[in-house]
Amino acid sequence: MPAATVDRPLLAVLRGERRDPPPVWLMRQAGRYLPEYRALRAEKGGFLALATDPIAAADVTLQPIRRFGFDGAILFSDILMVPWAMGQDLTFGAGEGPRLAPRLVDVPLESLEPRHERLEPVYETVRQVRAALSPDRTFLGFAGSPWTVATYMVAGQGSKDHAETRFMAYRDPERFTRLLYAIAELTVEYLVGQVKAGVDAGQLFDSWAGSLSPEQFGTCVLEPNAWIIREFRRRCPGVPVIGFPKGAGAKLLAYAEATQADAIGLDETVDPRWANEVLPAGLPVQGNLDPLALEVGGEALDRAVGRIREIFRDRPHIFNLGHGIGQHTPIAHVERLLELVRA
Ligand code: CP3
């Protein structure tokens, strides 16, 4: 059968259809909770080596599909590939999270030398995955949103309250806006490149959207995300985008309205009943099982999955976690989750 006539349930939901059972994938589904991931990472000698080796990265992307049969595969890469392509050095030290240098608290953005060719291996990974992925699975690309990416570029690493970046946004709004839109421009190119190489849809991760005042949420989250989605849609009409403003809470509705994302990702702090009431009827949602309920398993998992499925019964829904799967999550709990979602 030609690929175009094959049903892709996850893509259908992103286009506004309801499916029962809902399609399911998990954020960070390719990662350290999988022994086959840990083995390949050790062999390649680190995260960046793995992410820039298209054969290995394609294999990692497909590992959770082979093992669990998820409806969606997400490209194995990282949101920090964009700062790396903007000229910062990127390292992932063992157990200490990612580092970018030089930090933008120390140097102006204009002093970095852009290296857009660094993204080429990612597009090759996409081509490899597309060729190997069965045609009824949806292939998701992704990028970080400008605010979240900026917090790493400015501070040089993850930071608890993102204070340095928020100070920069207050003290030098002109410089900070230039930074956000420099990231936004490359992000659109990057997402368009992923689509050209073969992804079906994309997700925009604004993982630290929850740390901003309402005013900064407007200028740092709503406006740049709306700009990216508008530009992306102009270049890739009909390719859905999932917006995931983690921690946005009551500002979710404003996010949905301002960005016009095709689907909204809900983190585990969002009450699904509330989201179902306030979000426009028919707008697809994704989420929002607590990753800790998955890690714990048993009763807590069974109950939480049942509740989420029940509440989103009448809305296009993609079952997922509220954020990435924890590295100590037992494989058996993921298997149980799939049984529950597909029952
Ligand atoms: O979802 C997937 O399976 C696709 C791959 C993916 C990774 N990172 C691989 C990765 C995706 C979608 C991301 C997104 C990402 N990366 C985000 C947004 C989502 C979120 O988690 O909020 C952020 C903030 C990052 C930045 C990042 N990358 C951090 C903070 C870390 C270290 C913390 C950690 O979980 O290890 C990474 C490293 C990283 N990215 C790993 C993986 C599998 C672990 C690397 C390793 O093998 O040690």
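**Helix packing and the ligand shell in a predicted model**

Helix α6, residues 120-132, packs against α9 at an angle of about 30 degrees, and their axes are 8 Å apart. Angles under 35 degrees count as roughly parallel, so α6 is roughly parallel to α9. The crossing of this pair is right-handed. Before I go on, a reminder: this is a predicted model.

Who makes the contact? On the α6 side, Y123, V126 and R127. On the α9 side, G193, Q194 and A197. By type, the contact residues of α6 with α9 split into 3 nonpolar, 2 polar and 1 charged.

Stay with α9. This helix runs over residues 173-197. Its other partner for today is α10, residues 214-235. The axes of α9 and α10 come within 10 Å and cross at roughly 35 degrees. Here, too, the crossing is right-handed. From α9, the contact takes L180, Y181, A184, T187, V188, L191 and V192. From α10, it takes C220, P224, W227, I228, E231, F232 and R235. How do these residues divide by type? The contact of α9 with α10 has 11 nonpolar residues, 1 polar and 2 charged.

Helix α14 covers residues 298-311, and helix α15 covers residues 331-342. They pack at an angle of about 35 degrees, with axes 10 Å apart. The crossing of α14 and α15 is right-handed. L301, D302 and V305 of α14 meet H333, R336, L337, L340 and V341 of α15. That contact of α14 with α15 divides into 5 nonpolar, 1 polar and 2 charged residues.

Now the ligand. The shell around the ligand holds 23 residues. Which of them come nearest? R28, A30, G31, F205 and S207. β3, residues 97-101, and β4, residues 138-144, each supply at least two residues. By type, the shell around the ligand is 11 nonpolar, 8 polar and 4 charged.

Compare that with the record. UniProt, in an unreviewed entry, lists R28, Q29, A30, G31, R32, D78, Y152, S207 and H323 under "binding site". Those positions spread over 296 residues of sequence. They are spread in space as well, up to 22.5 Å between C-alpha atoms.

UniProt lists R28 as a binding site position. In the model, R28 is among the residues that come nearest to the ligand. Where does R28 sit? In the loop between α1, residues 9-14, and α2, residues 35-44. Its backbone deserves a look. R28 has a positive phi of about 60 degrees, although it is not a glycine.

That loop between α1 and α2 also holds P21. A cis peptide bond joins D20 and P21, with omega about 0 degrees.

Another cis peptide bond joins G287 and N288. Omega there is about -20 degrees. N288 lies in strand β8, residues 285-289.

Last, the domain annotation. The unreviewed UniProt entry gives "domain: Uroporphyrinogen decarboxylase (URO-D)" for residues 23-32 and 140-156. What do those stretches look like in the model? Residues 23-32 are 0% helix and 0% strand. Their end C-alpha atoms lie 23 Å apart. Residues 140-156 are 59% helix and 29% strand. There, the end C-alpha atoms lie 27 Å apart.

Find α9, which crosses α10 in a right-handed way and packs against α6 at about 30 degrees. Find R28, with its positive phi, in the loop between α1 and α2. And find the cis bonds, one joining D20 and P21, another joining G287 and N288.

Note on methods
Residues numbered from 1 in each chain as written. Predicted model: local features only at pLDDT ≥ 70, side-chain atom pairs only at ≥ 80, totals over all residues. Near = placed C-beta within 6 Å. Helix = DSSP H or I, 4+ residues; strand = E, 2+ residues; numbered from the N terminus. Nonpolar A, V, L, I, M, F, W, Y, C, P; charged D, E, K, R; others polar. Axes fitted to C-alpha atoms, helices over the stretch in contact; angles between N-to-C directions. Left-handed = near helix turned anticlockwise from the far one by under 90°. Contact = placed C-beta atoms within 7 Å. Parallel < 35°, antiparallel > 145°, perpendicular 65-115°, else oblique. UniProt positions renumbered as here; feature names shortened; annotations may be inferred.
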